[in-house]
Amino acid sequence: MFKSKLFAVPTLALGAMLLGAGPAMAHSENGGATDGAATSTSSESWSFQANLDPLNNSGTVGDVLIEGQGNQATVYMTVDGAAETFMDGPFPHAQHIHFGAQGTCPGPEADVDGDGAINVEEGAPFYGGIGTSLTTEGDTSPDSGLAVERFPGGSSYTYERSLEIPDDVLASIVDGTGVVVVHGVDPAVLTEEAANKQSELDESLPNAATLPAACGTLTASQMDEMPEGGADTGVSGGSQGADIAMAAGGGALALGAIGAGAFFMRQRTVES
């Protein structure tokens, strides 16, 4: 079944593929840069945000806010309208900060093979390779690009985590080429051809598992202040999100992150 296949995939799968085609660097076990890139000692504060818009007819939307000082950052996300379940479990959603390319989200012209869906290989020239994996716990390097047991799942969720952003990824964010992408699309919204394919990243996976579902370019934040409180890592939402959070050891998300999520969704409604 889909769930058992997906959870059996080695966590190196995405990092070894084309979507990891950004500048190579070594990472420590906690996701920070090692000797592949020096860690910035700057104490300057920064803040970037993105509206996540649907790709591949997914209906997935969301908002992201990243607030940092030097290389240390806290990521806040809310996601809604995502694929909810497949077979007997919540649909896991790999999510990353991509970097090193055009800094844009792909349009219909990116569908080179004409199957009606933009896969990871087709999207990578636009949004770049994985710079940081937005997992709920543990490693945040590209090596965890498909560590689905450590990503949120279900149709809607909120996410908050404090982590280290490598120098080259942070530089990409600052120069406007940092992009947040959420993966995983309900096969029911795809063309028959796309739904019946296997993923180009791993032939044991259905195409829907790794297709980009939502995308947004990070831009300088206009928020006056960050919401306070919240845990360093976690995910919450409906029962599906809670189930995968517990499975990943993430636990319940604190109220601060939920407050941040409410702010983002209100802001998105007003802007729409």
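Gly62 stands opposite Val79 in strand S3, in a predicted model. S2 and S3 pair in the antiparallel sense over nine bridges; strands count as paired if DSSP finds at least two bridges between them. Helices (H or I, at least four residues) and strands (E, at least two) are DSSP runs, numbered from the N terminus. The protein chain has seven helices and twelve strands.

Residues are numbered from 1 along each chain as its sequence is written. Because the model is predicted, local features need pLDDT of at least 70 and side-chain atom pairs count only at pLDDT 80 or more, while totals for chains, interfaces and linings use all residues; side-chain values use heavy atoms, with hydrogens and water left out.

- S1 and S2 run antiparallel and are joined by eight bridges.
- Asn51 stands opposite Asp63 in S2.
- The hairpin of S2 and S3 has two residues between the strands, and Gly70 in this hairpin takes a positive phi near 65 degrees.
- The hairpin of S1 and S2 has six residues between the strands.

**The loop between S1 and S2**

- Asn56 lies in the loop between S1 and S2, and its phi is near 60 degrees, a positive value in a residue other than glycine.
- Asn57 is also placed in the loop between S1 and S2; Asn57 is not a glycine, yet has a positive phi of about 60 degrees.
- Asn56 is buried, with a relative accessible area of 11%, whereas Asn57 counts as exposed at 60% relative accessibility.
- Buried means under 20% relative accessible area, exposed over 50%, and partly exposed in between (1.4 Å probe, protein chains only).

**Nonpolar core**

- The largest nonpolar core has 25 residues, of which Val64, Met77, Ile97, Ile165 and Leu218 touch the most other members.
- The elements that give two or more residues to this core are strands S1 (45-54), S2 (61-69), S3 (72-80), S6 (95-99), S8 (157-164) and S9 (179-183), together with helix H3 (167-174).
- A nonpolar core is a set of buried Ala, Val, Leu, Ile, Met, Phe, Trp, Tyr and Cys residues joined through side-chain atoms within 4.5 Å.

**Whole chain**

- Of the 272 residues of the protein chain, 54% count as buried.
- Among contacts (heavy atoms within 4.5 Å) with a separation of 6 or more in the protein chain, 74% are between residues 24 or more positions apart.
- The accessible surface of the protein chain comes to about 10,900 Å², and 52% of this belongs to carbon and sulfur atoms; areas come from the Shrake-Rupley method with a 1.4 Å probe, and for residues only the protein chains shown count as cover.
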